[in-house]
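Hi,

Here is the structure I promised to pass on. Have a look at it first, and then read my notes below.

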Amino acid sequence: MHRLQRMNSTATGLKSVDYEIFGNVQGVFFRKFTVDQAQKLGLVGWVKNSAEGTVTGQVQGSADKINTMMEWLRSVGSPKSRIDEAHFSNTKDVSNLDFSDFVIRH
C-alpha cells in the first residue's frame, strides 16, 4: 500500500516549493502581483512580507506551472520591484494541495 501511495503522489505531478525573494520587493505591490500571477497559473499557496525586508511564501500545483512561477519570481515580479536573489527550498512532490487558493498572509 505504501508503494502505491508513493506512485500516486508522483502520478499526480503536484509539487510544493517554498521561496524567499530578496531585493526591493516590499512596498512595490510585489505580493499583489504574485497573487495575480499564481492565480493566473492555477496555483495555490501564500505570500507575505518578512521582517527582514524579503518576501516569502509557498506555492503548490502542477510541476510545469510551478516552474513557470519560479521563473516569474526569479526574474519578473511587480513592475517597480528589483529582484536581487530568489531562494527556493523544500521542493517536494505532494499528493494533495494544502490550500484552496493563493492569498496574501500578514
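A word on areas before anything else: the accessible areas here come from the Shrake-Rupley method with a 1.4 Å probe. On that basis the accessible surface of the protein chain is about 6,200 Å², and carbon and sulfur atoms hold 50% of it. Keep in mind that this is a predicted model.

Now the overall layout. The protein chain has 106 residues, and 38% of them count as buried. There are 3 helices and 5 strands, and going from the N terminus they come in the order α-β-α-β-β-α-β-β. If you take the contacts with a separation of 6 or more, 77% of them are between residues 24 or more positions apart.

On to the sheet. The 5 strands make an open sheet, ordered β4-β1-β3-β2-β5, with mixed pairing. Which strands stand at the edges? They are β4 and β5 (102-104), and each has a single partner strand, so one side of each has no neighbour in the sheet. On average, neighbouring strands are turned by 20° against each other, direction ignored. β1 and β4 run antiparallel and are joined by 9 bridges; across this pair, N24 sits opposite R82 in β4. As for what lies on the sheet, α2 packs there and touches β1, β2 (44-49), β3, β4 and β5. The direction of α2 makes about 170° with that of β5.

Which residues of α3 are buried? I66, M69, M70, W72 and L73 are, with buried meaning under 20% relative accessible area. Looking down the axis of α3, these buried residues fall within an arc of 160°, so they line one face of the helix. The cover over them includes β1 (14-24), α2 (30-41), β3 (55-62) and β4 (82-93). So that you can find it in the viewer: just after α3 comes G77, which takes a positive phi of about 65°.

Cheers

Methods: Residues numbered from 1 in each chain as written. Predicted model: local features only at pLDDT ≥ 70, side-chain atom pairs only at ≥ 80, totals over all residues. Heavy atoms only, no water. Helix = DSSP H or I, 4+ residues; strand = E, 2+ residues; numbered from the N terminus. Buried < 20%, exposed > 50% of the residue type's maximum accessible area, 1.4 Å probe, protein only. Contact = heavy atoms within 4.5 Å. Arc of directions from axis to C-beta. Pairing = 2+ DSSP bridges. Axes fitted to C-alpha atoms, helices over the stretch in contact; angles between N-to-C directions.
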